[in-house]
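The questions below concern a sheet, the helices on it and a pocket.

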Amino acid sequence: MVARLVIAAPSSGAGKTTVATGLMAAFAGRGLAVSPHKVGPDYIDPGYHALATGRPGRNLDAYMCGTGLVAPLFLHGARGCDLAVVEGVMGLYDGAADQGELASTAQVAKLLKAPVVLVVDASSQSRSVAALVHGFASWDPEVRIGGVILNKVATDRHEHLLREALGESGVPVLGVLRRAPAVATPSRHLGLVPVAERQAQAVEAVAAQAEQVRQGCDLDALLALARSAPSLDAEPWEPGVGERPHAGGSGVPTTRPVVAVAGGAAFTFSYAEHTELLRAAGAEVVTFDPLRDEALPEGTGGLVIGGGFPEMYGAELSANEPLRKAVAELAASGAPVAAECAGLLYLARSLDGTPMCGVLDADARMSERLTLGYRDAVAVSDSVLAPAGARMRGHEFHRTVIEPGAGPLAAWGLRQPERRVEGFVQGGVHASYVHTHWAGSPEVAARFVGHCA
């Protein structure tokens with residue numbers, strides 16, 4: 001049994017990330033081993049969770065990985081921990097568009113049999129808070145709301161009115177937090193600024209969040225609530241289990257090919273399970289920083305470039321000409337290269353007019369339009385990641401465009417929100433805007449490593 005809490009809210013902007021991260025850090029400060037989790041595909045919040053707990057932040061995404069993997073992935077991440085804190089996404093009952101409760105915080109809470117703590121922005125209400133909490137607590141009887149944390153409370157008088165109103169709701173108040181500028185985290189076009197870009201300030205912000213939670217929340221009551229969660233009827237997920245044979249044959253390669261994975265401040269978006277799957281498939285995974293390293297890791301046989309913010313570092317990435325040349329040469333050799341979103345931009349000929357690697361005959365630029373949402377994808381072309389016709393689920397999250405949007409051999413055919421093809425398959429290169437979670441399709445990692453070998 002893993003003690004666990006889901007931190008949810010009626011809507012975005014209520015303070016879930018501040019409260020969840022503060023709780024993680026506060027409990028870790030008590031000496032507990034805390035496992036951090038995030039509902040949905042978000043990459044940025046888990047970075048703050050990792051800073052608060054010293055453990056990898058992990059995502060629980062029922063759309064991309066399937067409902068059957070939510071509990072196993074949770075147990076995998078929480079193995080050996082005293083407590084797990086799961087930060088929700090959007091409003092408690094908001095999920096994938098036109099898919100009912102799929103991928104909502106409520107669905108994940110039910111799959112984990114976890115009590116929910118509702119974070120309410122109380123800044124513009126008093127007695128109405130009781131009606132709001134009552135509505136959320138009674139909407140779905142399978143969702144157990146075990147308490148509420150009132151955020152952005154103005155004064156002692158305001159707190160008194162809120163507590164008095166909630167006394168009739170039957171939902172206990174487990175915390176009251178005042179407005180505190182020190183806990184704020186700066187945002188920009190895709191959400192919070194990642195930890196890797198503001199390490200010192202992020203440490204200070206997480207420490208402030210922990211102190212605010214310690215002062216304003218009943219940690220003993222929250223821990224007791226977490227420990228009231230029942231056992232889960234599931235086994236922990238294991239990387240590599242259930243994967244299909246890779247392209248080079250069956251089993252793990254006889255030699256361990258080196259797979260270089262881009263990291264650093266420009267490429268912060270990745271799922272911990274991807275590295276675990278690559279290693280389970282037989283790869284030696286080595287991280288490098290395109291902002292600093294002028295060469296790929298020695299012996300690189302495959303390259304993975306995930307998401308991030310190359311648009312914030314275009315000049316620096318372009319200035320690292322030796323690495324750009326090395327990436328282009330590796331791609332030209334036919335070696336497997338998997339690039340998602342930021343990786344797609346890095347492989348382009350240019351980004352906002354600044355030279356990039358030139359692997360793809362395409363140019364990228366910033367856009368006013370935010371592209372965001374889950375995607376149901378079908379592989380259009382055989383590639384190092386999937387055979388033609390293979391289905392995967394993913395998501396897009398970017399404020400850039402690339403022209404053309406697809407190569408002569410496209411990567412994916414998408415069915416929503418409109419039918420289109422996108423991305424590039426070129427030799428061993430698979431480059432696309434679509435982020436995928438390989439835990440839902442572990443054969444992807446095996447196929448990729450097989451091509452490396």
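Two strands count as paired if DSSP finds at least two bridges between them. The model discussed here is predicted.

Q: How many bridges join strand β5 to strand β6?
A: Strand β5 covers residues 116-121 and strand β6 covers residues 145-153. The two run parallel, and the number of bridges joining them is six.

Q: Which residue in β6 is the bridge partner of valine 119?
A: Helix α6 (residues 128-139) packs on the sheet and touches both β5 and β6, its direction making about 150° with that of β5. For valine 119, the bridge partner in β6 is isoleucine 149.

Q: Which strands stand at the edges of the open sheet, each with a single partner strand?
A: The sheet has seven strands with parallel pairing, in the order β3-β2-β4-β1-β5-β6-β7. A strand with a single partner has one side left without a neighbour in the sheet, so the edge strands are β3 (58-60) and β7 (173-178).

Q: At about what angle to β1 does helix α5 run?
A: Helix α5 (residues 105-112) lies across β1 (3-8), β2 (34-39), β3, β4 (83-87) and β5. Relative to β1, helix α5 runs at about 170°.

Q: Which element gives the most to the lining of the second largest pocket?
A: This pocket has a volume of about 840 Å³. Of its 37 lining residues, those closest to the centre are Phe267, Thr268, Phe269, Ser270 and Tyr271. Elements giving two or more residues to the lining include α2 (44-53), β10 (258-262) and α10 (272-280). With five residues, the element that gives the most is α10.

Methods:
Residues numbered from 1 in each chain as written. Predicted model: local features only at pLDDT ≥ 70, side-chain atom pairs only at ≥ 80, totals over all residues. Heavy atoms only, no water. Helix = DSSP H or I, 4+ residues; strand = E, 2+ residues; numbered from the N terminus. Contact = heavy atoms within 4.5 Å. Axes fitted to C-alpha atoms, helices over the stretch in contact; angles between N-to-C directions. 1 Å grid on protein atoms, 1.4 Å probe; cavity = no way out; pocket = protein on both sides within 12 Å on 5 of 7 lines; lining within 4 Å. Points joined across faces, edges and corners; volume = space filled by probe spheres on them.
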